[in-house]
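Keep the model open as you read.

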Amino acid sequence: MSISIVCTFNGKARPLEIQSDSIVIGRNSTNNKPDLDLGADKSISRKHARIWREDGKFWVEDLGSTLGTYVNGLRRPRLQIKFGDQIKVGQTVLEIMPSSLTDLGAE
């Protein structure tokens, strides 16, 4: 399985396809290798948040980051998310997208 994400930082959007059902988001360091390295955004914690799919639903969880994780403008420690929700980590906005027609039923 995979998770499709649009990642926007400094006005530049880039689509990403992560080949996993669970993604740790953060900044790369000698002791930390996140699945999604957002190191260009210096306000991201080394282990900032996790996005995962469980039973056809998507979830986001803050991993104790300094600045928190926001979903649609509200700080959330853990929350079920759906396609179109905006997840803000540091100055980066992430949006989960359907990877296939079968994902459209995952909302």
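Five strands make up an open sheet, in the order β4-β3-β5-β6-β9, and the pairing is mixed. Strands here are DSSP runs of E at least two residues long, numbered from the N terminus, and two of them pair if DSSP finds at least two bridges between them. At the edges you'll find β4 (36–37) and β9 (78–81); each has a single partner strand, so one side of each is left without a neighbour in the sheet.

Before going further, a word on the numbers: this is a predicted model, where local features need pLDDT of at least 70 and side-chain atom pairs count only at pLDDT 80 or more, while totals for chains, interfaces and linings use all residues. Residues are numbered from 1 along each chain as its sequence is written, and side-chain values use heavy atoms, with hydrogens and water left out.

Now back to the sheet. Strand β3 (residues 22–26) runs antiparallel to β5 (residues 47–54), and five bridges join the two. To get your bearings there, find Ile 25, which stands opposite Ala 49 in β5.

How many salt bridges does the structure hold? There are three, counting a side-chain nitrogen of Lys or Arg within 4 Å of a carboxyl oxygen of Asp or Glu. One of them brings together Asp 21 and Arg 53, at 3.3 Å from N to O. Asp 21 sits in the loop between β2 (12–18) and β3, and Arg 53 in strand β5, so this pair ties together parts that are 32 residues apart in sequence. Arg 53 is buried at 12% relative accessible area, whereas Asp 21, at 30%, is partly exposed. (Buried means under 20% relative accessible area, exposed over 50%, and partly exposed in between, using a 1.4 Å probe and protein chains only.)

Another salt bridge links Glu 61 to Arg 50, with 3.4 Å from N to O. Glu 61 belongs to strand β6 (residues 57–62) and Arg 50 to β5, so parts eleven residues apart in sequence are tied together. Arg 50 is partly exposed at 24%. Then there's Lys 82 with Asp 85, at 3.3 Å from N to O: Lys 82 is partly exposed at 45%, but Asp 85 is buried at 6%.

Finally, have a look at Cys 7 in strand β1 (residues 3–9). Cys 7 is buried, at 2% relative accessibility. Leaving aside residues up to four places away in sequence, its contacts include Leu 16, Leu 38 and Val 93, where contact means heavy atoms within 4.5 Å.

Technical notes: Helix = DSSP H or I, 4+ residues; strand = E, 2+ residues; numbered from the N terminus.
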